Amino acid sequence: MPDHPQTPDEPTESGLPPELEQMIARITGGPIDPEMARTLKDMGIDQVDPAMLQMMMGQVQAMFASTDEGPFNVALATDTARKTVSAAGDASVSEATARQVAQAAQVAELWLDEVTAFEAPGITTHAWSRAEWVEATMPTWRTLVEPVAEGVGRAVGDAMRAQMKELGDGAALPEGLLPAGMDPSALIGQMEPMMAKMSGSMFGLQVGQALGALATETVSGTEVGLPLVADRSVVLLPANVEAFAEGLGVDLDQVRLYLAVREAARVRLFSEVPWIGPQLLAAVRDYARDISIDTDRIESALTSVDTSDPTALQSALQDQLFRPEPSASQRAALGRLETYLALVEGWVDVVADRATRDHLPQAAALGEAVRRRRAIGGPAEKAFSGLVGLELRPRRLRDAANLWAALEDRHGQKGRDGAWGHPDVAPTAADLDDPLGYVDRVGGSSDSEMDAALDQLLSEGEQGPEQ
């Protein structure tokens, strides 16, 4: 051992750059084997640019420093998302801006009181920076993408085991690839923990990049249609609200008020209809849990990657991992998700229109701008769809809005909001095809009959299924 710390320019006993030797020691838990050092030098790794080696070292340190035992590196995902929004620009929210958001939310609540039977949960208002949105919503995103991360980890492990089995069965190895006398199949036990961490870190990077992109676009806490904010607060992201307002030709105050109404309406819905949020999240998890990973493509990526490029493995695996082929159960989960998203956003559309049309001169134009924004999607939405293979887009938004409007026309606000009373009486995908038929069926029962039916359903739910 040297008597003083080595600098990057000093040679090591192995002849490899000290950065690389430190990285290998971190992975293997001990000094580098001379045969392995010779093999790496024969591969030309000692000639890699020092700056690239430093980047590799940083990635490995981030990968192995985490104590997270989950299927993906949540700390790395959060850090990556924060760096993504920082690179895009993410100033702290000033006190003056926070007051503007709070005032907009207060006005929104007053307007909503006049047009919906649902009450405000009475929780605080937040004006968040993009990084604050990342931090606050990460716990929910974690539960949504963990099933995919688990599938990715299994697929990478299966691909490695398959390759090692082939080598153990006598497949020819390129000369010098492994130290002399080393049994390829004996490596699998040592490499599996490392690959699990690599897989978790790569997926964490992908999650962080996707959520960082979402954070630069989303205007509110739950704009994506999912109950992401744990404390049922009304949340706006002022920087993104301003970006959305640019080019609309509408005063920023009007834009802020309109978006506050939409967010406050969504928060009321998630608070007053306790089943809809869990159903949305369950649909995403069900889809993700049954995701199919193509192990053959992963094997190809693992064998063809350029080992001198530290980003090559990550890029190759990303290209192969996130192309799921929907199964029958996934299509069913996707159908539920699209229906629930459409019902939520359709209801929000109708309620926001009723709340703002007599107060905001540009309410109709703002409503159309929001619908167009959701219909088109953007880079952030595409980035997230790469994680779980689906787009959080209410494709039947207009059908749902028409249904809620027709229901309100026939039965008033109470009848419209009462349709959320239980999932068994809420509109279905078939009802979106025939909204007037749904309205007629609801109208065929008296209020007392509907209340009795709901009471029976709720009672059965509390008692559980009959044995």
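A residue is called partly exposed when its relative accessible area lies between the cut-offs of under 20% for buried and over 50% for exposed. Arg 142, at 29% relative accessibility, therefore counts as partly exposed. Keep in mind that the model is predicted.

Which residue forms a salt bridge with Glu 135? Select Arg 82: the closest N and O atoms of this pair are 3.1 Å apart. This pair links distant parts of the chain, with Glu 135 in helix α6 (residues 130-168) and Arg 82 in helix α4 (residues 74-88), 53 residues apart. Glu 135 has 40% relative accessibility and so counts as partly exposed. Arg 82 is also partly exposed, because its relative accessibility is 37%.

Next, select Glu 408 and Arg 354. Their salt bridge has its closest N and O atoms 2.7 Å apart. Glu 408 belongs to helix α16 (residues 397-418) and Arg 354 to helix α13 (residues 328-356); the two are 54 residues apart, and the pair links distant parts of the chain. Are these residues buried or exposed? Both Glu 408 and Arg 354 are buried.

For the last stop, select Arg 262, Glu 263, Arg 266, Glu 345, Asp 349, Glu 368, Arg 371, Arg 374 and Arg 398. Salt bridges with shared partners join these residues into one network. The structure holds 26 salt bridges.

Key:
Residues numbered from 1 in each chain as written. Predicted model: local features only at pLDDT ≥ 70, side-chain atom pairs only at ≥ 80, totals over all residues. Heavy atoms only, no water. Salt bridge = Lys/Arg side-chain N within 4 Å of Asp/Glu carboxyl O. Helix = DSSP H or I, 4+ residues; strand = E, 2+ residues; numbered from the N terminus. Buried < 20%, exposed > 50% of the residue type's maximum accessible area, 1.4 Å probe, protein only.
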